[in-house]
Amino acid sequence: CCALTTTGDLYTFGHTQGQDNSNGNLLGRDGLGPGSEFPPRVVQQDGLGQIAEIGVSSYSNVAITMDGRVLTWGDSDGNALGHSNRTCDTPEWVRSLRWLRCTHASLSYTNGAAATDEG
């Protein structure tokens, strides 16, 4: 699960991989053992910055930063995360969108979409 504060802090909590052992943990925190449950804790990562919006699916997560970057993590089946990391336990910048300022994003199992500030 994810929660976003009004100041842009991202909290995650729950089970690292879900009942089907996805290939990337959904909590956005590195170094967690498989099959473990964790209470709410802020996701801290160099360069992450404040988060404006989050989107979640059963297998993956997306965060939009205040400056318009898109970061994804979780299960990367079908390259659904927009980057080549097979196992993605922490938020990873979707570099193919680096020239765009994104404002919204959504995910499903193997698909994702992002909208820019220009529509």
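These entries record what I looked up on strands and salt bridges in a predicted model.

**Ground rules.** I number residues from 1 along each chain as its sequence is written. In this predicted model, local features need pLDDT of at least 70 and side-chain atom pairs count only at pLDDT 80 or more, while totals for chains, interfaces and linings use all residues; side-chain values use heavy atoms, with hydrogens and water left out.

**Sheet.** I looked up the strands (DSSP runs of E, at least two residues, numbered from the N terminus) and their pairing (at least two DSSP bridges between two strands). An open sheet of 4 strands runs in the order β4-β5-β6-β7 with antiparallel pairing. Its edge strands, β4 (51-56) and β7 (87-93), each pair on one side only. Within the sheet, β5 (residues 60-65) and β6 (residues 70-75) are joined by 5 bridges. I noted Thr72 as the bridge partner of Val62.

**Hairpin.** β8 (residues 102-107) and β9 (residues 112-116) run antiparallel, with 5 bridges between them. A hairpin of 4 residues connects β8 to β9. His104 stands opposite Ala115 in β9.

**Salt bridges.** I found 3 salt bridges, each a side-chain nitrogen of Lys or Arg within 4 Å of a carboxyl oxygen of Asp or Glu. Asp67 pairs with Arg69, closest N and O atoms 3.1 Å apart. Arg95 meets Glu92 at 2.9 Å, N to O. Arg101 meets Asp117 at 3.9 Å, N to O. Arg101 is in the loop between β7 and β8 and Asp117 in the segment after β9, so this pair ties together parts 16 residues apart in sequence.

**Exposure.** I checked relative accessible area (buried under 20%, exposed over 50%, partly exposed in between; 1.4 Å probe, protein chains only). Arg101 is partly exposed at 39%, and Asp117 is partly exposed at 47%.
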